[in-house]
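The following note sets out points for a colleague who is reviewing the model. Please read each numbered point alongside the sequence and the coordinates.

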Amino acid sequence: MKAREIPHFGQSIRVRHADLWYGAFHALKDICIDLPSRTLTAFIGPSGCGKSTLLKCFNRMNDMVEKCRVSGEFLIDGVSIYGKIDVNALRKSVGMVFQKPNPFPMSIYDNIAYGPRTFGVRKRAELDAIVEDSLRRAAIWDEVADRLNRSALGLSGGQQQRICIARALAVKPSILLMDEPTAALDPISTEKIEELCLELRKTTTIVTVTHNLGQAARISDKTAFFLSGELVECGDTKQLFSAPRDERTRRYITGKFG
Amino acid sequence: MNKVRVKEFLGKLIFGGAALFCAASVIAIFAFLVFKGFPAFQKIGVWEFVFGDVWSPSRYDTYDAPLSGYYGIFTMIVGTIAATAGALLIGGILGYFTAVFLTFFCPKKLQGLFASVIHLLAGIPSVVYGFFGISFLLPLLSLVSPNNGSGLLAASLILGIMILPTVTALSQSALESVPQSYYDASSALGCSHAETVFRIMIPAARSGITASLILGVGRALGETMAIVMVAGNSPTYPKGLFHSFRVLTANIVMEMGYAGEVHEGALVATGVVLLFFVFLINLLFLLRSSKAIREKNKKTSVRKPIVRQALLPHTPTLGRLLSVLSAAFCSTILLLLLGFILFRGLPPLLSRRYLLFGKYEFGGAQITLLPSLIATLMAVLLSLGIAIPLGVMTAVFLHEYTKKNSLAVRLIRSAIDTLAGVPSIVYGLFGVVAFLPLFGGSSSVLAGSLTVSLMLLPTVVRTTEESLAAVPDGLREGSLALGAGKVRTILRLVLPSALSGIFSAVILSIGRVIGESAPFLWTMGSVMTAIPRSYLDSGTTLSVALYQLAGEGWHIEEAYATAVILILLVLSLNLSARAVIGHLKRKSTKGKEARSR
Ligand SMILES: Nc1ncnc2c1ncn2[C@@H]1O[C@H](COP(=O)(O)OP(=O)(O)O)[C@@H](O)[C@H]1O
Ligand SMILES: [Mg+2]
């Protein structure tokens with residue numbers, strides 16, 4: 001069977017005057033931000049400032065949240081993603097990696113093949129190729145090549161997270177969202193994932209949330225600083241860390257906020 | 001892409017349809033009871049029916065002619081209350097102390113053993129208890145009683161033993177949820193283990209323990225077969241410990257088979273009165289357990305001083321002694337019951353091959369259980385074939401598709417909870433008035449299985465919902481974030497992860513179909529005829545067969561053999577369930593351990 005034709009979304013994100021409410025709680029306030037194609041942007045800010053919330057707007061994972069209301073414009077290559085689009089196709093183009101590794105309770109192979117199978121890839125040879133390619137790009141092929149049929153739950157946390165990244169890559173997303181992907185990992189795994197991000201950025205637009213300012217400074221092209229639902233400042237990482245324009249940003253990166 | 005839309009829509013339709021069907025069947029049951037019972041209330045008069053103390057129905061009474069029989073159930077209401085109180089006195093106290101023993105005084109090594117004892121006691125079918133009553137307890141009591149031993153004492157003892165596992169299990173979980181910090185605080189003040197247990201831990205679990213007693217009462221109210229077998233059943237007041245009396249459930253099951261028009265209505269009305277009591281008890285339970293939850297959530301600092309009296313006034317040392325004795329009593333009862341029945345039943349079972357493989361001769365001396373075995377199997381297959389898919393789909397709809405607090409969901413959920421509290425004999429009643437007419441008025445395996453599948457639904461829905469709730473949200477998010485639809489996420493990820501829960505629902509259901517007899521008696525058939533050749537033939541399940549054999553008194557060895565088979569079936573179900581669930585659990589925790597490393 002031939003894979004179905006799925007509409008494809010582009011690589012650049014543009015947000016204009018976005019607001020979001022959880023019930024009566026105003027979680028995002030008038031956000032305007034541009035994330036150009038094939039850049040790595042880091043979202044930073046104290047806990048509860050709305051980083052994850054904004055991230056989840058890009059693949060509409062907020063749809064599942066009860067009483068969540070969104071307004072404003074979210075465009076991917078000019079296409080409004082809150083308009084009449086196929087949400088599943090959007091999520092195929094906009095992949096996501098979660099803070100806590102969430103491999104499915106099945107074999108490593110089936111984890112990676114889950115997405116392609118969802119979109120109609122059935123041929124073994126084709127799946128094999130996708131699985132190998134995705135695992136290689138996620139820099140974990142060498143560690144698991146000889147045990148693809150074992151349960152993914154038996155891997156270490158760092159390996160599981162890279163499996164989740166490979167799983168996201170297997171559907172060939174043009175944008176990859178990462179919500180504190182290294183928060184639950186040890187330093188060595190963290191370093192591996194950072195290298196991986198730098199490699200992936202060459203082909204994919206990446207947005208990552210991080211609490212680790214060093215990480216943001218090391219790997220990102222652009223950094224956006226949020227505070228209580230507002231985007232305080234967004235700019236080139238070097239510039240933002242060396243010469244922040246906003247006093248609040250300066251205080252945050254020098255450690256004055258929690 | 002449209003194909004996916006269609007799939008999603010169909011999924012929602014099918015899951016939602018199942019949930020709707022469950023809700024509709026609850027409504028149907030109550031509609032039938034009202035529809036059939038109302039004319040009887042009207043004809044007899046509510047006051048005369050509830051407070052009249054002469055029950056002497058006439059099968060020729062119709063709604064158009066003046067009544068010639070008497071329809072007063074007050075003796076049975078009193079009988080029901082008396083038997084329930086007796087059961088509470090025996091099973092409540094024993095269950096409470098057994099729970100205390102299991103939680104606080106049981107050596108670690110023996111904990112698994114005692115847990116199995118309670119499990120097994122809970123799993124033994126009610127006819128087997130009744131049969132044990134007839135064959136062991138009544139002869140024993142007749143040594144001191146003026147009659148054959150039947151009456152309030154026998155009924156209370158048997159019922160008490162039957163509600164004991166319920167009380168124990170719930171009290172135990174209430175005791176276990178008392179924070180360890182209470183214990184530490186008390187120990188730090190120099191209190192001994194027993195003092196801490198009885199002065200601090202038990203008072204703190206008070207609401208939960210009361211709730212467990214109330215649930216035990218609910219079980220006792222709805223119990224039918226065991227009590228029918230030892231109560232004597234004449235429609236009189238229980239005038240002493242050894243005086244034949246009748247309970248409400250017994251009234252229904254004894255006369256349902258040959259009732260005329262008004263008589264049938266009066267039996268349905270008896271069911272309505274029974275349900276009234278059951279719902280009253282359920283309401284009490286809800287109030288109590290919500291209080292228990294509130295207390296648990298309260299912050300420790302705002303608690304009133306918890307050094308109060310324990311539920312029953314006794315000193316810690318005495319309490320410890322009683323708890324050990326209760327646990328010993330439970331084990332003794334189990335050993336006695338198993339030992340006695342195996343001792344009497346195994347030899348005939350092993351020596352008489354025709355028991356299992358013979359042909360049935362009408363009026364002949366040889367009894368064979370093969371038809372009952374086959375009928376039981378047929379009933380298990382069909383009723384599970386209906387209840388499991390329907391129940392699982394309903395649970396999926398409730399848990400995966402609906403907002404937690406929407407009105408529709410609350411309605412469906414409370415409908416299902418209501419169904420869970422309905423005594424099994426009421427399902428039998430419903431089967432007789434609703435299903436039998438569909439099949440020309442005669443009983444059949446089909447009618448019996450339909451009846452029982454309704455009874456299984458609430459357990460299946462609840463058990464499945466619990467296991468769905470245990471599936472981490474991360475899995476669902478991970479799948480949706482890959483662009484998979486809801487249906488694929490449910491079928492490919494959520495349900496497989498909830499497999500151990502669904503499996504335990506299957507085992508529980510098989511156990512209930514094998515063990516229940518009241519709902520089958522008049523819907524599926526009560527004569528041990530030849531092997532049913534199709535679902536439209538009637539047949540007896542093993543439990544019903546045991547009831548028949550025990551009641552006739554001619555084939556007492558065959559009765560023992562049947563009881564042995566029932567016990568072995570329950571035992572093996574219990575063991576296999578634990579093995580498989582343990583295996584599934586281990587499989588999933590292995591992953592978790594690795595993850596936390
Ligand atoms: N599902 C939800 N319902 C209600 N409030 C939410 C929900 N998710 C997040 N919030 C609130 O929105 C704010 C932003 O949350 P989030 O985006 O998770 O912050 P973070 O920047 O730490 O990722 C927080 O105050 C949080 O409490
Ligand atoms: Mg977050």
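1. In chain A, six strands make up an open sheet of mixed pairing, ordered β6-β7-β8-β3-β9-β10. Strands here are DSSP runs of E with at least two residues, helices are runs of H or I with at least four residues, and both are numbered from the N terminus; two strands pair if DSSP finds at least two bridges between them. The edges are held by β6 (94-97) and β10 (230-236) of chain A, each of which has a single partner strand, so one side of each lacks a neighbour in the sheet. From one strand to the next, the twist averages 15°.

2. The model is predicted: local features need pLDDT of at least 70 and side-chain atom pairs count only at pLDDT 80 or more, while totals for chains, interfaces and linings use all residues. Residues are numbered from 1 along each chain as its sequence is written, chains are lettered from A and ligands numbered from 1 in the order in which they are written, and side-chain values use heavy atoms, leaving out hydrogens and water.

3. Strand β6(A) runs parallel to β7 (residues 175-179) of chain A, and four bridges join the two. Within this pairing, Met96(A) has Leu177(A) in β7(A) as its bridge partner. Helix α6 (residues 157-169) of chain A packs on the sheet, touching β6 and β7 of chain A (contact: heavy atoms within 4.5 Å). The direction of α6(A) makes about 170° with that of β6(A), where axes are lines fitted to C-alpha atoms, for helices over the stretch in contact, and angles run from 0 to 180 degrees between N-to-C directions.

4. Which residues line the largest cavity? Among them are Met96(A), Val97(A), Cys164(A), Arg167(A), Gly478(B) and Leu482(B). A cavity is a set of points, on a 1 Å grid over the protein atoms alone, where a 1.4 Å probe fits but cannot get out; lining residues have an atom within 4 Å of a point. The largest share of this lining, three residues, comes from α6(A), and β6 and α6 of chain A as well as α19 (473-481) of chain B each supply at least two residues. The largest cavity holds about 60 Å³ of space.

5. Ser25(B) lies in helix α1 (residues 2-44) of chain B. Leaving aside residues up to four places away in sequence, Ser25(B) touches Leu454(B) and Leu457(B).

Technical notes. 1 Å grid on protein atoms, 1.4 Å probe; cavity = no way out; pocket = protein on both sides within 12 Å on 5 of 7 lines; lining within 4 Å. Points joined across faces, edges and corners; volume = space filled by probe spheres on them.
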